[in-house]
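Dear colleague,

Please find below the structure that I am handing over to you.

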Amino acid sequence: MSMKEYLKDRTIFLLINFILFTVICGIMLLINISTSIIFLIFFIWFFPIFTYITIEFTKQKILYNELNSIMDNLDKKYLLAEIMKEPDHIEGKLLYDLLRQANKEMHEHVKNYRDRENEYREYIETWVHEIKTPIASTRLIIENNQNHITRNIKDEIKKIEEYIEQVLYYSRSNNVSKDYLIKEVSLADLVRSVIKRNSRDFISKGITIDIEGVEGTVYSDAKWLEFILNQLIGNATKYNRERDGRVTIDSVRNENNIILTIEDNGIGILDKDINRVFEKGFTGENGRKFGESTGIGLYLCKKLADQLGLGLVLESDAGEGTKVSIIFPLGGINLMC
Amino acid sequence: MARIVIIEDTEKIREELKTFLIRYGYEVAAPTNFEDIIKDTLKEEPDLILLDINLPVFDGYYICREIRKNSDVPIIVVTSRDSEMDELMSMNLGADDFITKPYNTQILMARIETILRRVNGSSIRDTIVYNDLEFNLSNGSVKYKGKIAELTKNEIKILSCLYKNKGKIVSRDDLMDFMWNEDVFVDDNNLSVNVTRLRKKLEGLGMKKNIETRRGLGYILP
C-alpha cells in the first residue's frame, strides 16, 4: 500500500474540499479579503485534513504490513485469523471478526470432509481385514483338496489378494504416518520373499530369475517396500515375453545412495507412454494389449515411494525390456549402517 | 507326534486347518467353547498353539498373556491384522511367531516345524533312509552300500521333496514350487539338469533303481 494509492482512494473527498475551497476563495477575492487571510483559511482548512489522512494511512500501513509479513511466514496461510492480533480500531476489528467467523465456518467444513474420509478409510481397513478370513479359509480348502481345478482357483485367489492389498495401500497412501515403522530391512530377504509370493507366475511362464547381486540393508518400512516391490516384480512377469523371459534384480551401493534395480527383457514400454506411467489411471498401449491393467499399480508405487523418501525411476525400450530403479538415499530416514 | 491346539473362532478355518495339520501328521485339538478357552487349552497339554487375535469373549492378546503365566508352550499368532503394532504387541505378550492371514500354508508349516524343532532340540532327524540309501540332511551327503557322494544344495532339495512324497508322482510344477519355497529359484532347464545329475550320482553309487521320470507327469521315487 502506497500513499498514492491511499490518496487515490480518497479522491472524491479531497476533490469536494478543493472545489468548495476554490468557490469560497473566489467569493473572498470578490469581496477584497487580503490574500494572507485566504492563506490562513487554507491552512486552517487543510492542515487537519492532511494530518488526519497521514495518521490514518500510517495506522493502516502498519496493520497491513504486519498481516502481510505474518502471511509470508505462515506455513498454513488459512490460519491468519488465528495468529493476527486483534486490531484496536473499529474497521480493523470488524474485519477481524468477519475473518474469524469465516475461518471457523471453513474449519468446520473441512473437518466434516476429514471425518468422512477417515470414516471411509476405517471402513476400508475393516473390510480388508474381514475379507481376509474367507480368503484364508478358501486357501485352506484348496490346500486340502488339491487338483487342477483348485490350482486354477488358487491362482485367481492370488489375484484377488493382490487387488485387495492394492485397495488397502491406496487408502493408506494419503496418510502415511499411521501405519509406518522404519526399521532395518535386508534387501536380499525382501526380494526373496516377494519372489516367493510370485513364484507361480515365474514358474508357469518359465521366467528365469537372477537375484545373486542383491545385498545390503536399508532403513525403511518393510511392508510398504514389499508392496512396492511386489507391484514392480508383478509387472516384470506380467509384461514379459512368451519364451526366454528373464528378470534380473540387482543392487548397487553408491556414495550417497543404494539403488535396487528390477530389470526384465520383456515387451518394454513405448516412448510415447513412458513419461506417463506413474499417472493415475494411465494404462497405455500395453494396458490395451494385455487387459487387466488398472493404471493404479505404478501410480501407487510412486506415491508410496515419495512418502517413504525413496526415488523411483523407470527406463524402458519398447521390445527390449524395462528397468525400474528404487533409490534409497543414504542419510536421513534411510540411513544405512 | 506333536500336539497342536488351534484357537480360532471361524469355523471353516478351524476345521480346514485341522484337516490340513492332521494330514501332515500332527495331533490337533480345536476347542469351540471360548468361555474357558485358557483352561481348556492348557488341559490339552499342547506342544504348540495357533492363536487368532479377534476372538469372542477374550481376545488373543489376553489369552496369550494368560497362557504365558502358566506355560512356556510355543504360541504362533495367526491373524488378519497385519500392522507392525499388532506384531509388536504379540511378541511383547510372549508369542513366538506372528503370521498374517491369508497365509501361505507352506510357510505356516515351515514356521511350525522350525519352532517345534527349536523347542524339542534334540529330536531333529538328520538322516533319512530310503531302501539302502542313507541321506544325511545335515552335511548333504548320500551313502549307498559304503560308498559316499556329496550333493549340491539343489540336489538335496530335490531328493528331500521326492522322499517326502515317495511312491507318488511329483509334477515338475510341484517340485519347482517346493524348491522356490525353499529359496532355490531354479528354472525349467536347471531343474532337468539337476535331476539328471542327481540321478547320475545315485547310479554312480551303484543304486540302479532311483528317480524315475514319468513323461508328461513328473518324477517319482518309487
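**Findings**

Lys145(B) lies in the loop between β8 (141-144) and β9 (147-150) of chain B; helices (H or I, at least four residues) and strands (E, at least two) are DSSP runs, numbered from the N terminus. The phi of Lys145(B) is near 50°, a positive value in a residue other than glycine. Lys145(B) is exposed, with 10 other C-beta atoms within 10 Å. Here a residue is buried if 20 or more other C-beta atoms lie within 10 Å of its own, exposed if 12 or fewer, and partly exposed in between, with C-beta atoms placed from the backbone.

Please note that this is a predicted model, in which local features need pLDDT of at least 70, side-chain atom pairs count only at pLDDT 80 or more, and totals for chains, interfaces and linings use all residues. Residues are numbered from 1 along each chain as its sequence is written, while chains are lettered from A and ligands numbered from 1 in the order in which they are written.

The predictor gives the complex an ipTM of 0.75 and a pTM of 0.75. Chain B averages a pLDDT (the predictor's confidence in each residue, from 0 to 100) of 84, and 97% of the residues score at least 70. Within chain B, confidence is highest in strand β1 (residues 3-7), at a mean of 91, and lowest in strand β6 (residues 127-130), at 77.

Asn32(A) is placed in the loop between α2 (11-30) and α3 (35-73) of chain A, and is exposed, with 6 other C-beta atoms within 10 Å.

Chain A also contains an open sheet of five strands with mixed pairing, in the order β2-β4-β5-β7-β6; two strands pair if DSSP finds at least two bridges between them. Its edge strands are β2 (208-213) and β6 (311-317) of chain A, each of which pairs on one side only. On average, neighbouring strands of this sheet are turned by 15° against each other, direction ignored. Helix α9 (residues 222-238) of chain A packs on the sheet and touches β4, β5 (257-264) and β7 (321-329) of chain A, its direction making about 30° with that of β5(A). Contact requires C-beta atoms, placed from the backbone, to lie within 7 Å; axes are lines fitted to C-alpha atoms, for helices over the stretch in contact, and angles run from 0 to 180 degrees between N-to-C directions. β2(A) and β4(A) (residues 246-253) pair in the parallel sense over four bridges.

The contact between the chains takes 22 residues from chain A and 24 residues from chain B. On the side of chain A that touches chain B, the elements giving two or more residues are α5 (90-144), α7 (187-197), α8 (199-205) and β2 of chain A. Of these, α5(A) gives the most, with eleven residues.

In chain B, UniProt (unreviewed entry) annotates Asp52(B) as "modified residue: 4-aspartylphosphate"; its positions are given in the numbering used here, feature names are shortened, and annotations may be inferred rather than shown by experiment. Asp52(B) is found in the loop between β3 (48-51) and α3 (60-70) of chain B. Asp52(B) is buried, with 22 other C-beta atoms within 10 Å. Leaving aside neighbours within four places in sequence, Asp52(B) is in contact with residues including Ile7(B), Asp9(B) and Thr79(B).

Yours sincerely

Technical notes:
Contact = placed C-beta atoms within 7 Å.
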